[in-house]
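Thanks for coming. Please bring the structure up on the screen, and I will go through a few parts of it.

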Amino acid sequence: MAPTVTSYDPLTPDEQPVPLPSAPIVSLSENVVIQPPLSCRGTGPGVILFLPDPGRVTLSSNTSKPLDPEPVNKWAEEGFAVVGVTASEGLSVEQTLKQGLDALQALDAVDIKDKFAVIVYDPALIYSVSDAVSKEPRIAAFIGYGSFAAPSCTIPILLHLTANAPRPAHAPSEATAQRTYPTTSASFVLPQAAKYDPGSAALAHSRTLVFLRKWLGGPFFDIEAIWDEHTYFEFEARSVAKTMGTMVAEPYVNHVPTMTGGVGRENLTAFYRDHFIFSNPPDATLQVVSRTVGSDRVVDEFVYHLTHDRTVDWLLPGVPPTGKKLSIPMLAVVNVRGDRLYNEHIWWDQATALRQAGILPSHLPFSDPQTGTPTGALLRLPVAGVESAHMLIDESKGKSNEMFGPEWGLSNK
C-alpha cells in the first residue's frame, strides 16, 4: 500500500492540471449557435433550445452571478450537442428549426442521428415552435416552459408550468406531462433572470434530463463510478488536480454544518488544497451504509471514521487535535452533470462530532428562558455519541428512544 500523501506538491505528476473538456461554440447564423458536447465522452444526442430575447428577460440586480450556467452550456455539460436559438424579431421558426436539425445531423459529435429534441424557454414561442415541430419527423420530444403546446404537436411533451400559467384552449394530448412550480415567471430556470429560482430550476432540469434520455436514448453515464473515482482521489490518492479533474468547469462543495467548502473552481481548488485533502488524518475512511442512485444524483449514507490527531479544518474548524477516535454519521447529496460532478452537499450532526471529540459536555447549566436567571438545574443535552454511528451501521446495535427516559432533560444534580 502506497504511503499517504501528507502535503501538496505542485511538481508531482499527480498534481499536474487535468484538462477540461473543450469544444468551441460555432455560429451558424445570426442568433443561432451550435455547441458540441462538453463532456469527457465528447459525443451525445442533439437538442435545440429556443431562448428568449434578452431584452424581454428582467435581469437580476444581484452582483454575484450564480454558478448555474446558461442553458446552452449546461446541456452541453450534460453530454448533449446543443443548437441555441435566441429569439429575435422576424424569427422564422420553421427555417431555423430545419437549420438546427441539419447542423446537428452533420456534426460528428452527435451519435444519434435520427431523433432530436426541442426545449423552448420562452412561453411566447411555445405555440409556434411546437406547431413547427409537428411537421418535422426528426423531432422525438418537446419540452416547454410557461405555456402549452399547439394541438398539432402530438409527440411526447413535458411542460414546466408556473403557478399562474394560462390554461390551454384545447386539452393537452395524452402524451403531455405537466409539472407546476411555485413561481410566477417562466424565467425561473434562467440563472441571469431576476426571477431565477435555484431549487425549482434544478428540479425542472432533472425532470427534463430524465425525459430527454427516455425519448432520445441517452446519454447515460455511470454516475456511481464517477462519484467513487472522485472520493478515491480525495481520500486515497490525495490529489487536488485529479479531484478537480472529476468536476465541471465551475463546481461547488458545501459542508452544511460548518459552511466549509468552495464555490467556483478557483475557490474550491484552494479549499481542497489548503483545508481538506491534506487535512484528513491518515486513517480517515468512509464506510458506506446505503446508496441511492438517481438520474443525476447519488445520495450516500456513510460513516466518516478518523482519529482526531490534527485540526480537521472542514469538520471541526479551529478545534485543536484531541486524539479521540471519531465515527461521524454523514449524508452526501452529490449532483453529477454528464460525466463530471457539479456539486456536493454534505450533512452531519455537528453535536455528535463535538461530543465524540470531548468538546461538548453532556450537561449544561439551565437558565430561565424568559429572564436568563440561572435556575440551578442542569440540562442533559439530547446529543448521542458514537452509538449513533453504531446504530446507523446496524440497527441491532442501539436502542431507540433512550432520551425519553428520566435521566435525560433537567435535573438538580
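The largest pocket holds about 430 Å³ of space. Keep in mind that this is a predicted model. Around that pocket, 22 residues form the lining. Those lying nearest its centre are Asp68, Tyr196, Tyr252, Tyr342 and Asn343. Sorted by class, the lining has eight nonpolar residues, seven polar and seven charged.

Which elements give two or more residues to that lining? They are α4, β13, which covers 325-337, and β14, which covers 340-348. Of these, α4 gives the most, with five residues.

Now to α4 itself. This helix runs over residues 198-216, 19 residues in total. From first C-alpha to last, α4 reaches 26 Å, close to the expected 27 Å. Its buried residues include Ser200, His205, Phe211, Arg213 and Leu216. After α4 comes Gly217, which has a positive phi, near 85°.

Next, the nonpolar cores. The largest one has 36 residues. Which of them touch the most other members? They are Tyr272, Tyr304, Trp314, Leu315, Met330 and Trp348. Several elements give two or more residues to this core, including α5 (223-235), β9 (247-255), α7 (265-276) and β12 (297-307). Both β13 and β14 are on that list as well, and β13 gives the most to this core, with six residues. Recall that β13 and β14 also give residues to the lining of the largest pocket.

Terms used. Residues numbered from 1 in each chain as written. Predicted model: local features only at pLDDT ≥ 70, side-chain atom pairs only at ≥ 80, totals over all residues. Heavy atoms only, no water. Helix = DSSP H or I, 4+ residues; strand = E, 2+ residues; numbered from the N terminus. Expected span 1.5 Å × (residues − 1). Buried < 20%, exposed > 50% of the residue type's maximum accessible area, 1.4 Å probe, protein only. 1 Å grid on protein atoms, 1.4 Å probe; cavity = no way out; pocket = protein on both sides within 12 Å on 5 of 7 lines; lining within 4 Å. Points joined across faces, edges and corners; volume = space filled by probe spheres on them. Nonpolar A, V, L, I, M, F, W, Y, C, P; charged D, E, K, R; others polar. Core = buried A, V, L, I, M, F, W, Y, C linked by side-chain atoms within 4.5 Å.
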